[in-house]
Amino acid sequence: MIPVLEFIDVSHQFPDSTLALGSTNLQLNPGEFVSIVGPSGCGKSTLLRIASGLLEPSSGSVIRNGSLQFVFQDSTLLPWRNVRKNIALNLELDDVDRHEINRRVDNVLQLVSMQDSAEKIPRQLSGGMKMRTSLARSLVCEPDIFLFDEPFSALDEFSRERLNSDLRAILARINAASLFITHSISEAVFLSDRVLVMSPRPGHIIEEFVIPFGSVRDDELRYTPEFALLTGRIASTFRSIQR
Ligand SMILES: Nc1ncnc2c1ncn2[C@@H]1O[C@H](COP(=O)(O)OP(=O)(O)O)[C@@H](O)[C@H]1O
Ligand SMILES: [Mg+2]
């Protein structure tokens, strides 16, 4: 299987000589969901910016085999455009045919359960709905890889759990891979096929956990002993590196 994204000995030092990312190797396979957890300031956003191509690493190489969409934490929606028009924006910029735009936007509106709010503007939306719209705006581009930088961390726990469940269901219906950064170990375990733990800065991957819960995961999974055992093991790895 050819990975959609591969890091080979990638590290990064900023011009002010901050060593932000230590030597990092990783592979993201087609359709796979991989989360990265690590202490704040360890280089997670730097890793993701390098993955996206926004930042050139100071050493090592990055191989991408597919198109890519970045989903940011604060949904950068245009306040004067309604949901439908925000989602359509990237396709309009790419000069996609009007009928094709409508067809694809209708499709993703349904995928993120926003069909009843398509005419609303961002200030009429809850945090969760803004996040859904932002996700739809990326989904409509049909990328091979999604990059998420703590997308749900501003939401309350209930909205977050709901979006986690929705995100898994949505991604199960398309064939994209995801690299997902989060502070929440339980979010990482619920969403992922693999969870990678990073060391403090200069961050590098110190441990990988394979998450064996299959592709269909219902909300009850969070309250099972198996789930608690795995989140507990990751949390204890996390604690041991912070000392
Ligand atoms: N443009 C920059 N110049 C210098 N240092 C930076 C720059 N951007 C980030 N850093 C530093 O690099 C380290 C890693 O940052 P970042 O990747 O944002 O961490 P994380 O996302 O894990 O919190 C931090 O110490 C941060 O202060
Ligand atoms: Mg960050």
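This is a predicted model: local features need pLDDT of at least 70, side-chain atom pairs count only at pLDDT 80 or more; totals for chains, interfaces and linings use all residues.
Start with the whole chain. There are seven helices and nine strands. The C-alpha trace spans about 50 × 45 × 35 Å along its principal axes. Now the radius of gyration. A compact globule of 243 residues would come out near 18 Å, and the chain has 18 Å, so the two agree. As for burial, 38% of the 243 residues count as buried. And the contacts? Take those with a separation of 6 or more: 73% of them join residues 24 or more positions apart.

Next, a helix pair. Two packed helices are described by the angle between their axes and the distance between the axes. Here the pair is H4, residues 127-139, and H5, residues 157-173. The angle is about 30 degrees, and the axes are 10 Å apart. Angles under 35 degrees count as roughly parallel, and H4 and H5 are therefore roughly parallel to each other. The crossing of H4 past H5 is right-handed. Which residues meet? From H4, Gly127, Gly128 and Met131; from H5, Ser159, Arg162 and Leu163. By class, that contact has two nonpolar, three polar and one charged residues.

Look at its phi. Glutamate 142 is not a glycine, yet phi is positive, near 50 degrees. Is glutamate 142 buried, partly exposed or exposed? It has 14 C-beta neighbours inside 10 Å, so it counts as partly exposed.

Aspartate 9, though, lies in a strand: E1, residues 5-13. With 11 C-beta neighbours inside 10 Å, aspartate 9 counts as exposed; the cut-off for that is 12 or fewer.

Now to aspartate 193. It lies in the loop between helix H6 (185-191) and strand E8 (194-198). Its count is 18 C-beta neighbours inside 10 Å, so aspartate 193 is partly exposed. What does aspartate 193 touch, beyond its neighbours within four places in sequence? Glu32, Phe33, Val34 and Ile211. Glycine 31 is 162 residues away from aspartate 193 in sequence. In space, the C-alpha to C-alpha distance between aspartate 193 and glycine 31 is 9.8 Å.

Last item: a cis peptide bond. It joins arginine 201 and proline 202, with omega about -5 degrees. Proline 202 belongs to the loop between E8 and strand E9 (205-210).

Note on methods:
Residues are numbered from 1 along each chain as its sequence is written. Chains are lettered from A and ligands numbered from 1 in the order in which they are written. Axes are lines fitted to C-alpha atoms, for helices over the stretch in contact, and angles run from 0 to 180 degrees between N-to-C directions. Helices (H or I, at least four residues) and strands (E, at least two) are DSSP runs, numbered from the N terminus. Angles under 35 degrees count as roughly parallel, over 145 as roughly antiparallel, 65 to 115 as roughly perpendicular and the rest as oblique. A crossing is left-handed if the near helix is turned anticlockwise from the far one by less than a right angle, and right-handed if clockwise. Two residues are in contact if their C-beta atoms, placed from the backbone, lie within 7 Å. Ala, Val, Leu, Ile, Met, Phe, Trp, Tyr, Cys and Pro count as nonpolar, Asp, Glu, Lys and Arg as charged, and the others, Gly among them, as polar. The radius of gyration is taken over C-alpha atoms; the globule rule is 2.2 Å times the number of residues to the power 0.38. A residue is buried if 20 or more other C-beta atoms lie within 10 Å of its own, exposed if 12 or fewer, and partly exposed in between; C-beta atoms are placed from the backbone.
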